[in-house]
Amino acid sequence: MTPLSRRTALALLAAGLARPTLAADSALADMACAGLITVRPDGAEQTLLRGPEPFDLDRPFRVASVSKMIAAAVFMTHALETRLDLDADVSPWLGFRLRHPAWPDRAISARLLLSHRSGLRNGPSYPVPLGHDLAEAFQPGGRHWDDGGWFGPADKAPGEWFAYADVNFALLAQILEARTGERFDLYMRRRLFAPLSLEIGYNWSGVGQARRDRAMPGLRRQNGRWVPQVDASPPPAPDVAVVRTPGAPSLEAYRLGSNGFLFSPQGGLRLSVRDLSRLGRMFVRGGEGVLPRRAIELMQRPVWAYTPTTANGETDGVFQGYGLGVERPRGAAGPQGDDFFGPGSARWAGHLGDAYGWMSGLFWNRDSGAILAWALNGMPETARPPSSTSSLTAPEAELVGLGLALLE
């Protein structure tokens, strides 16, 4: 698809202010709905809504992998408060020896988990359900060993190879539980969500019934209609949505630090686009009293950058620079690049999300303090419309272009 020029983006915005429909050649026209909030450096907000399905900026949805960045913020706060060594072996906190079988002498640290350089990947039995221990995925003979399917290539040592994997953040959640004696979802609520007066939570934890009733499901088009993929019927409050097997014990019987997948730190945070923008302000302003400025600085500092000459990681173009739970675009141009924000893309930090039809993003400009928070719904699983300007899909690129135009 031809990239949107800034003039075209402004024209689309003007047309959208006059009527709710989109031009026939708009990539967003094929999506169920989309929403965007921009925050200028002076704090002024502008909003944008598109699509045929009913959606507003206060409806909660599953934000997918942006959840990782929010979990990382609390993990880093805990690390600074307790002087946790980010480069220490995490095995003592997990209660089992975590090693890549091909690299038994190479310790896996919290820094490697936070930056997806641990040598781990999601195994065939992902996610490990309630009543099972995640340790069984890393121990030969365990019921989730999956023939070693949770480990990356044997010739890629931990610390030397980037491979994006949800399991890294499940293990970080377990470490938090083991060190704090508090369940991950409840700890996140107490340390971050409640102080910010945000009614949000992992797998609906802490979200009241009235807000659950307004949930926006993730949608995909099937046989000419939009079909829910997730959150068509959230569990009744105060229940938490967890993956269970037949005969699984109750959640109350869960043993802290045994299975970090239960509350989906990797993607299960439910919130609204407006909540996203509030969290963006937290990253820009230095924590709003709950997130230390030092934690933000460490998170957004690059620890890995893709180098094509050495091919030091797995990238589909989206991941080309990463900090500690934060994406750091390099500004590589072209359809396989991460030039998401045009000139100056390398000055932005944040995270993308992609699951069950939802595509989301929260990014801020580290120089100006401008913020983009967005979500679009209805993305197909395969045969996605490509953008010619970056590795984002065409609808994502168009929505981001509209947001950048609003920031001018």
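Where is Ser-258 found? Ser-258 sits in the loop between strand 6 (225–230) and strand 7 (269–271); here helices (H or I, at least four residues) and strands (E, at least two) are DSSP runs, numbered from the N terminus. The model is a predicted one, so local features need pLDDT of at least 70 and side-chain atom pairs count only at pLDDT 80 or more, while totals for chains, interfaces and linings use all residues. Residues are numbered from 1 along each chain as its sequence is written, and side-chain values use heavy atoms, with hydrogens and water left out.

Back to Ser-258: with a relative accessibility of 7%, Ser-258 counts as buried. Buried means under 20% relative accessible area, exposed means over 50%, and partly exposed lies in between (1.4 Å probe, protein chains only). The side chain of Ser-258 reaches the backbone oxygen of Arg-255 at 2.6 Å. Not counting residues up to four places away in sequence, Ser-258 touches His-132, Asp-133, Leu-134, Ala-135, Gln-174 and Glu-177, where contact means heavy atoms within 4.5 Å.

Five strands make up an open, antiparallel sheet in the order 2-1-12-11-10; two strands pair if DSSP finds at least two bridges between them. Strand 2 (45–50) and strand 10 (348–355) stand at the edges with a single partner strand each, so one side of each is left without a neighbour in the sheet. On average, neighbouring strands of this sheet are turned by 5 degrees against each other, direction ignored. Axes are lines fitted to C-alpha atoms, for helices over the stretch in contact, and angles run from 0 to 180 degrees between N-to-C directions.

Strand 12 (residues 371–377) has seven of its seven residues buried, so it is largely enclosed by the rest of the structure. Ile-371, Ala-373, Ala-375 and Asn-377 point one way from strand 12, while Leu-372, Trp-374 and Leu-376 point the other way. Strand 12 pairs with strand 1 (residues 33–39) over seven bridges in the antiparallel sense, and Cys-33 stands opposite Asn-377. The pairing of strand 12 with strand 11 (residues 358–365) is also antiparallel, over seven bridges. Here Phe-363 stands opposite Leu-372, and Leu-362 stands opposite Ala-373. The hairpin of strand 11 and strand 12 has five residues between the strands, and Gly-369 takes a positive phi near 85 degrees in it.

Which helices go with this sheet? Helix 8 lies across strand 1, strand 2, strand 11 and strand 12, running at about 155 degrees to strand 12. Helix 10 (residues 394–407) packs on the sheet too, touching strand 1, strand 2, strand 10, strand 11 and strand 12, and its direction makes about 145 degrees with that of strand 12.

Another open sheet holds three strands in the order 3-7-4, with antiparallel pairing. Strand 3 (61–62) and strand 4 (201–202) stand at its edges, each with a single partner strand, so one side of each is left without a neighbour in the sheet. Two bridges join strand 3 to strand 7, and Arg-62 stands opposite Arg-270 in strand 7. Helix 8 (residues 273–285) packs on this sheet, touching strand 3 and strand 7, and its direction makes about 105 degrees with that of strand 7. Residues of helix 8 that are buried include Val-273, Leu-276, Leu-279, Met-282 and Phe-283. Just after helix 8, Gly-286 takes a positive phi of about 95 degrees.

Leaving aside neighbours within four places in sequence, Ser-67 is in contact with residues including Tyr-202, Pro-265 and Leu-269.

How values were computed:
A polar contact is a pair of N or O atoms within 3.5 Å; within protein, one must be able to donate a hydrogen and the other to accept it, and residues adjacent in sequence count only if both atoms are side-chain atoms.
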